Amino acid sequence: MKKYPVITISREYGSGGHEVASLLAEKLGLPLYDNELIIEAAKDSGYAESAFEDAEESFSSFWGLRFNTMSEYGIYELPLQDKLYLIQSMTIKKIAKRGPAVIVGRCADHVLKEVVPTVNIFVQSDTEHRVKRIMERTGLNYEKAEAKIKKMETGNDIYRKSYN
């Protein structure tokens, strides 16, 4: 059997990156981690899956601002988003050390930079195609689908800049 590296898929929102990752994983006979990564990180950490999903969504609102909080002992704690990112990063590293896999998003390319050999793929598409895909998937009209893309892109940019 041919040995493959870990493959990371980064993508523009609405470009079809998940579908590309699914096809690639299927063709190569590799496990796919997208939402499965959230499930595993939640199980490992004791946080609810919804906490990870909400943290991802929150980067697309209020400009993804994160605030340190002070504990009752006067010690600053990491914001929840940062804690969840660190947990996801540990889960990504654990998955990668198990062997070849396809991992979608979550800065996996950056997280695995010096951990295991990777092939990093970025999936993009023109805006018109992305808007049509979002309209088909969600039932949104053109203007709302376009606004959703802009909102998600802003959140994704902030997320990558925060953690890369």
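This text walks through the confidence of a predicted model and then through its salt bridges.

The structure is a predicted model, in which local features need pLDDT of at least 70 and side-chain atom pairs count only at pLDDT 80 or more, while totals for chains, interfaces and linings use all residues. Residues are numbered from 1 along each chain as its sequence is written, and side-chain values use heavy atoms, with hydrogens and water left out.

Confidence comes first. The protein has a mean pLDDT (the predictor's confidence in each residue, from 0 to 100) of 87, and 87% of its residues reach 70 or more. Helices (H or I, at least four residues) and strands (E, at least two) are DSSP runs, numbered from the N terminus. Strand 5, residues 102–104, has the highest confidence, at a mean of 98, and strand 3, residues 69–70, the lowest, at 52. Over residues 60–68 pLDDT stays under 50. For that stretch the model has 21 contacts (heavy atoms within 4.5 Å) beyond four places in sequence. Where pLDDT is low, the predicted coordinates should not be read in detail.

The salt bridges come next. Side chains of opposite charge can pair when their charged atoms come close. With a salt bridge taken as a side-chain nitrogen of Lys or Arg within 4 Å of a carboxyl oxygen of Asp or Glu, the count comes to 8.

Arg130 takes part in a salt bridge with Glu12, where the closest N and O atoms are 3.4 Å apart. Arg130 sits in helix 6 (residues 127–138) and Glu12 in the loop between strand 1 (6–11) and helix 1 (17–28), so this pair ties together parts that are 118 residues apart in sequence. Arg130 is buried (under 20% relative accessible area), at 2%. Glu12, at 21%, is partly exposed, a class that lies between buried and exposed, the latter being over 50% (1.4 Å probe, protein chains only).

Arg130 also meets Glu153 in a salt bridge, at 2.3 Å from N to O. Here the partners lie in helix 6 and helix 7, so the pair links parts that are 23 residues apart in sequence. Glu153 is partly exposed, with 27% relative accessibility.

Because Asp109 lies in helix 5 (residues 108–111) and Arg160 in helix 7 (residues 142–163), the pair ties together parts that are 51 residues apart in sequence. Asp109 is buried at 18% relative accessibility, whereas Arg160 is partly exposed at 30%.
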